[in-house]
Amino acid sequence: NAIYRPGTLGVAPTVPTSTEELERRARKVLDTKAWAYIAGGAGDGATVRANREAFDRWRIVPRVLHGTTERDLTTRVLDTDLAAPLLLAPIGAAGLVRPDADLLIAEGAHASGIPYVLSCQGSSPMEDTARAMAGTPFWFQLYWSSDEELVDSLIERATTAGAEALVVTLDTTMLGWRTQDLDLGSLPFARGQGIAQYTSDPRFMALVRERLAAGARSATDLGLDPRHPLATARAVRGGVGSLLSMSREHPGDVRDNLRSPEPRAAVETFLDIYSNPGLSWEHLATLRDRTTLPVVLKGVLHPDDARRAFDSGVDAVVVSNHGGRQVDRSVAALDALVSVREALGPEPTVLMDSGIRSGADVFVALALGADACLLGRPHVYGLALDGAAGVSAVIDNVLAELDLTMGLVGAASIVDITADLLAT
Ligand code: FNR
């Protein structure tokens, strides 16, 4: 009603309810590089398209005369009570959209009562973003650094800041083949975006100081890991190149963003250690002793990996292909959800993202076995259009459509959203 009523008076919303229109308007307000980074996918974009095509293969079959006047969207995932089966996905370098992006996303999430998964490559230190959540639950997403002490430091900070779960993203041990960013010669990190989590970390800054002491100051001294493919090498070189020109043009911005007296050394250190291409199940096995938080593995697509994850004692998985940004031509996330749920049976906690755009999409994902969904790009588009209010509006629109769909098809609560309400 709150969303419909202004429309009856002829008032159009600031943030469109149509997902296409939301994207179109966001594209208009974002600069070329920010749009490319946010909307873009890996390679030719086959997986970005596949994520949507997978939803298009499913149809809801509404029931009638079910008398569903009240709907209850609440649910519980791990130890977190959710107002609805929806969380905001972690988004690195969102500061490209607006300064203080993470604080605004947190504010919007809080306004709508939806948890935010804070990115390891967030644009504000997690302690600040945690405060902006103002009591609404949040989780922390970790990229497993090649520096094990940094891994521990990030986990400890997240725990102290009050994160209710640790989400370890496994699909980005190296950055994907991001053709748009490569061709524009742009990487967000080059502008000092996405490394606030690191430059606010004592262990990370110790590494930066070591680097400075060793005199490794030039872009050619990057010491790239030989296991990094050409994509990363090119992106890294492009990134540092733009950082250098950017520091000449806007030294203040770069210094502010990096919160470091030596931005170059900080970016170089970040690029060296933000992930670990050699990450394996053996690393994961050490996690149980390193945290008391529930552990969620994000980026699982193969049913055998999902089984192994639960055999290894994790608490949940997120079936995700990173919004089609990592392996082009990888399986659509919704298709993977079906095979993962089939392999696991009904009990284990399975979340899903990549391609969710609407309340009807959430309904389909839940009917196919997801316990909750993560919303990625749409909330960033809301941020671009109207800051915290825009984020909140996007969430509210998705939830309003989910609520309406449940009311129209006869699902009074989340457990009533079942596969018998779907057809292909
Ligand atoms: C992401 N994603 C992501 N995932 C993650 O675990 N850590 C991160 O820092 C980021 N950063 C990030 C930046 C941007 C600009 C995008 C678009 C995505 C992936 C994200 O959490 C989620 O998996 C996808 O966005 C879901 O797909 P949709 O909803 O965007 O289609």
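Colleague: Which residues does Leu 87 touch, not counting residues up to four places away in sequence?
Modeller: This is a predicted model. Leu 87 sits in strand β4, residues 86-88. With residues up to four places away in sequence not counted, Leu 87 touches Ile 114, Pro 115, Val 117, Ala 372 and Leu 374.

Colleague: What separates the C-alpha atoms of Leu 87 and Ile 114?
Modeller: Ile 114 is among the residues that Leu 87 touches. The two are 27 residues apart along the chain. Their C-alpha atoms are separated by 5.8 Å.

Colleague: Is Leu 87 buried or exposed?
Modeller: The cut-off for buried is 20 or more other C-beta atoms within 10 Å. Leu 87 has 27, so the residue counts as buried.

Colleague: Which residue does UniProt list for "active site", and where does that residue lie?
Modeller: The UniProt entry is unreviewed, and its listing is His 322. His 322 lies in the loop between β9 (316-319) and α16 (333-344).

Colleague: Why does His 322 count as buried?
Modeller: Buried takes 20 or more other C-beta atoms within 10 Å. His 322 counts as buried because its C-beta neighbours inside 10 Å number 25.

Colleague: Which residues is His 322 in contact with, leaving aside neighbours within four places in sequence?
Modeller: His 322 lies in a loop. Setting aside neighbours within four places in sequence, its contacts are Asp 171, Thr 172, Gly 299 and Ser 354.

Colleague: Is α10 roughly parallel or roughly perpendicular to α13?
Modeller: Helices α10 (residues 202-214) and α13 (residues 263-273) pack at about 115 degrees, axes 9 Å apart. Angles of 65 to 115 degrees count as roughly perpendicular. So α10 is, relative to α13, roughly perpendicular.

Conventions
Residues are numbered from 1 along each chain as its sequence is written. This is a predicted model: local features need pLDDT of at least 70, side-chain atom pairs count only at pLDDT 80 or more; totals for chains, interfaces and linings use all residues. UniProt positions are given in the numbering used here, feature names are shortened, and annotations may be inferred rather than shown by experiment. Helices (H or I, at least four residues) and strands (E, at least two) are DSSP runs, numbered from the N terminus. A residue is buried if 20 or more other C-beta atoms lie within 10 Å of its own, exposed if 12 or fewer, and partly exposed in between; C-beta atoms are placed from the backbone. Two residues are in contact if their C-beta atoms, placed from the backbone, lie within 7 Å. Axes are lines fitted to C-alpha atoms, for helices over the stretch in contact, and angles run from 0 to 180 degrees between N-to-C directions. Angles under 35 degrees count as roughly parallel, over 145 as roughly antiparallel, 65 to 115 as roughly perpendicular and the rest as oblique.
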